[in-house]
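Please consult the sequence and the structure below alongside the text.

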Amino acid sequence: MSPAESTQPEFGEFEFIVVSNRLPVDRVTDDDGSTGWRRSPGGLVTALAPVMEKAEGAWVGWHGAADEQLEPFRKDGMQLVPVELSQREVEYYYEGFSNATLWPLYHDVIAPPEFHRHWWDSYRRVNERFAATAAKIASKGATVWVQDYQLQLVPKLLRETRPDLTIGFFNHIPFPPVEIFAQLPWRRQVLEGLLGADLVGFQRTGDTSNFLRCVRRYVGHPIKAQQVDVQDKEWRTLYFSRAEAFPISIDVKRIADLAEHEDVRERAREIRRELGDPKVVVLGVDRLDYTKGIGHRLKAYGELLEDGRIRVENSSLIQVASPSRERVEQYRILREEVEGAVGHISGMFDTMRNTAIRYLHHSYPVEEMVALYLAADVMLVTALRDGMNLVAKEYVAARTNNQGALVLSEFTGAADQLRQAVLVNPHDIDGLKEAICEAIQMDPQEANRRMKLMRKQVLQNDVERWSADFLNALQSKEDHV
């Protein structure tokens, strides 16, 4: 074999590849003790599974257990290709750089990010492993769609090894303004990693603008409209990378269909009975994360009880806070703060018959979540910063009778689309209190008008349309060289 022949890439068999931190399956243990795999819940899997089946697709990701090597396997018509992570890599790459450096940095430094070189080294090595796995299995000219902030270096790594590929990247969380992104010691490497993609997708137009400003400031490639002219050191064009907003959505049909099931409706009625049949049920559903504004919500609700503007006899708040990153110290502290606030409010206002706040630190199946959405007269989404917030869209999709009211933080991506919600700045506690009261007291006809418009928006823009829009834009590469 000649030297030239030996440098040719080896092509795999898959025409469409998704690369994400986790595979779209969870390991489950049956009653007899045997283990198997179950498809993970979530809109991303729902949207991409049909695409993968049609295009001979594969999904590359970590399977969730450290220091375990698995062979590729099939599940529900998808070829799954596991990437191995050591326990130290889980600690440094995932819990460290991804969730203690990038996550707080990209969420407007609500919590202070930590910058450690050994975390960055692990992040880089793991990204190299993901890229190498995808490059190995991709057929000639395949499409590779990389997902989210844990894998921002993968697009460039793929382009360097497999320039024949069409590469997309989608960032599910916010992208920070240049003044905040500037803090990252490895800012140029991250930007160059993302620019390896033909198309970089974001949730909001503001995130796209932030990214392009950072590219202009720290990389220096020419930008025209939303297209970056990626050049070499001699200022020769190598290729073009485009940045654009593609707001993600939900599996609307599944939520709406469940909302019509009689057993789910009966469960919603049962939830209200368990609360003592209050006149108003208010609901919050979040991961237990400092970005979600749960403390702000509890403070506002507690003050409304203190002011006498709502009473425990006729109003009850359900707060679902599903466990999140419980090995990280900041999250343990947050849980103590939230549970302390709930205990304080309940201790002051609970009666033998009525409870002010029903706090649930659990994860629930989608059927129970839809029952909660149906039981709630008012939904509170008070995130301090959120790429989208799909809970807001799920609540709207579930309200098939066009009743109910949504209080929505203006710092969520969903606020760009659900303009008929009661929009709030969650940092303004007095304003948040007024918004809660406005939602509770809203005229039924006005609430119906708003919900109809929000449901129309969600129904017309489901998760399948999101994936189709992104992939269609990715395949339109006339401007690329």
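**Cavity and pocket linings**

Helix α16 provides the largest share of the lining of the largest cavity, namely four residues. The model is predicted: local features need pLDDT of at least 70, side-chain atom pairs count only at pLDDT 80 or more, and totals for chains, interfaces and linings use all residues. Residues are numbered from 1 along each chain as its sequence is written, and side-chain values use heavy atoms, with hydrogens and water left out.

**Largest cavity**
- One cavity of 30 Å³ or more is found in a search of the whole structure; a cavity is a set of points, on a 1 Å grid over the protein atoms alone, where a 1.4 Å probe fits but cannot get out.
- The largest cavity holds about 40 Å³ of space, a volume being the space filled by probe spheres set on grid points joined across faces, edges and corners.
- Its lining (residues with an atom within 4 Å of a point) includes G404, Q420, M442 and R450.
- Two or more lining residues come from each of β17 (405–409) and α16; helices (H or I, at least four residues) and strands (E, at least two) are DSSP runs, numbered from the N terminus.
- By class, the lining of the largest cavity has eight nonpolar residues, two polar and one charged; Ala, Val, Leu, Ile, Met, Phe, Trp, Tyr, Cys and Pro count as nonpolar, Asp, Glu, Lys and Arg as charged, and the others, Gly among them, as polar.

**Second largest pocket**
- The second largest pocket has a volume of about 480 Å³; a pocket is an open set with protein on both sides within 12 Å along at least five of seven lines.
- Of the 24 residues lining this pocket, V280, D377, A439, I440 and M442 lie nearest its centre.
- Elements giving two or more residues to this pocket's lining are α13 (366–375), α15 (429–441) and α16 (444–460).
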